[in-house]
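Hi,

Here is the structure I promised to pass on. Have a look at it first, and my notes on what turned up follow below.

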Amino acid sequence: MREIKVEFPQNCPIRTRIYRVTKAPIHWHEGVLEIVFPLEGALEVTQNHEIFRLEPGDFTFVNSGCIHRLTSLQPEGSIVAVVSIDLLAYESTFENIAHILFRSQPLEGMSHDFKKSRAAQEARMLEALFQCVLRRNEPGFRATSPDVAYQQARHLLCLSMSDFFELFYKVGRYWFISDYQLQRYNRTVRYVHENCRSKISVTDILGRELISKTYFSQFWAKFSNQPFSEFLLMQRLTVAEKLLLSTDMCLEEISREAGFSAARYLYKYFLKCYHCKPLAYKVQCLDYHSGVEEPEMVDPSEALRLLNRYAQEHIEPAAALRKRLDSKSCLELFFEIRDQSKLAMEKNPDLDLR
């Protein structure tokens, strides 16, 4: 239960692997975004206190620093494709990229219509992931040039940021949020990630951004489904979980290192999120680790066979569905713009928007 460094090919910010997974070790990666999608067999992905069940045709993001484990729901194991992207290679292009969170599962409370509207974006993302993995597993594949690899990973990041930025799942459509507000939100999240072990509070944010507490409360409510104080506690809880699983420190020491003012607060919020006591959680993870197996790389010829079958069952039908959904979205947007234009011309007869 530790941080594992992802080894990328020289001057290449992307790596793809196809594994057979039964019970993978609990671990995390810093500065790396992983995108996981099963090719064969159901898979359970545990990320911090959330558990996601994936079937072939699904995918999920594992964000930088997120403690996770992959567990097959099949006795013989599941075949899983993993795309890893070196986020640090894109810091100059996408500011705060290593601190942006991505999500492919709707948050609780999201409307059914909003969940349905994600289908086209999910199909587009899955197709891009599949093509990336397929190219790197075709016979005779040679390492692409650094520029080509950089653009491949950049394309996946752009898709992720436009459609799967966690903010999208908090506020739905965020077209009404200005770019300046978005930058302020990203700066705030980064500051919390980097300083949550210290005794920071909302007052520090107000001083850095030169804004009032009232404005910040209204600003934060646009972006998050939880109060800022709870967001800060969750970041400290993530730090505490890493210390709990990777060291022999006692709860008093862990709470102090993670930025909690007292161990009782760590205990309280850990119980709320993980539904068990911290030491009981550590025992559960140790029991899990007693039966883990390192993921086994799949033979290239077998991987290619699985990818071809996956394309027939999931990529080709998804592409047809995406085309229909994209057309429907364009039609809905057309009618929305037409109705808005009609309303504007009714209010101002001299205005011609036809």
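Let me start with Met125: leaving aside neighbours within four places in sequence, Met125 is in contact (heavy atoms within 4.5 Å) with Ile35, Phe59, Phe61, Leu156, Leu159, Ser160 and Phe164. Before you read on, note that this is a predicted model, where local features need pLDDT of at least 70, side-chain atom pairs count only at pLDDT 80 or more, and totals for chains, interfaces and linings use all residues. Residues are numbered from 1 along each chain as its sequence is written, and side-chain values use heavy atoms, with hydrogens and water left out.

Met125 also turns up in the largest nonpolar core, among the residues with the most contacts inside it, along with Ile14, Ile18, Phe37, Phe59 and Leu156. That core has 89 residues, and H8 gives the most to it, with 11. A nonpolar core here is a set of buried Ala, Val, Leu, Ile, Met, Phe, Trp, Tyr and Cys residues joined through side-chain atoms within 4.5 Å. Buried means under 20% relative accessible area, exposed over 50%, and partly exposed in between (1.4 Å probe, protein chains only). There is also a second, separate core of 12 residues, which includes Val36, Leu43, Leu54 and Val82.

As for the chain overall, it has 12 helices and 10 strands; these are DSSP runs numbered from the N terminus (helices H or I, at least four residues; strands E, at least two). Of its 354 residues, 48% are buried. Among contacts with a separation of 6 or more, 75% are between residues 24 or more positions apart.

Now the salt bridges. A search of the whole structure finds 10 of them, each being a side-chain nitrogen of Lys or Arg within 4 Å of a carboxyl oxygen of Asp or Glu.

- Asp163 and Arg124 meet at 3.9 Å, N to O. Asp163 is in helix H3 (residues 146-163) and Arg124 in helix H2 (residues 119-135), so the pair ties together parts that are 39 residues apart in sequence. Asp163 counts as buried at 12% relative accessibility, while Arg124 is partly exposed at 25%.
- Glu209 and Arg187 have their closest N and O atoms 2.7 Å apart. Glu209 sits in helix H6 (residues 202-209) and Arg187 in helix H5, so this pair links parts 22 residues apart in sequence. Glu209 is buried at 12% relative accessibility, and Arg187 is partly exposed at 28%.
- Glu257 and Arg197 meet at 3.7 Å, N to O. Glu257 belongs to helix H9 (residues 251-258) and Arg197 to the loop between H5 and H6, so the pair ties together parts 60 residues apart in sequence. Glu257 is partly exposed, with a relative accessible area of 40%, and so is Arg197, at 44%.

Shared partners also join Arg184, Arg187 and Glu209 into one salt-bridge network.

Finally, which residues lie nearest the centre of the largest pocket? They are Asn48, Leu101, Glu166, Gln235 and Thr238, out of 47 lining residues. H8 gives the most to that lining, with 7 residues. By class, the lining has 20 nonpolar, 17 polar and 10 charged residues (Ala, Val, Leu, Ile, Met, Phe, Trp, Tyr, Cys and Pro count as nonpolar, Asp, Glu, Lys and Arg as charged, and the others, Gly among them, as polar). A pocket, on a 1 Å grid over the protein atoms alone, is an open set of points where a 1.4 Å probe fits, with protein on both sides within 12 Å along at least five of seven lines; lining residues have an atom within 4 Å of a point.

Cheers
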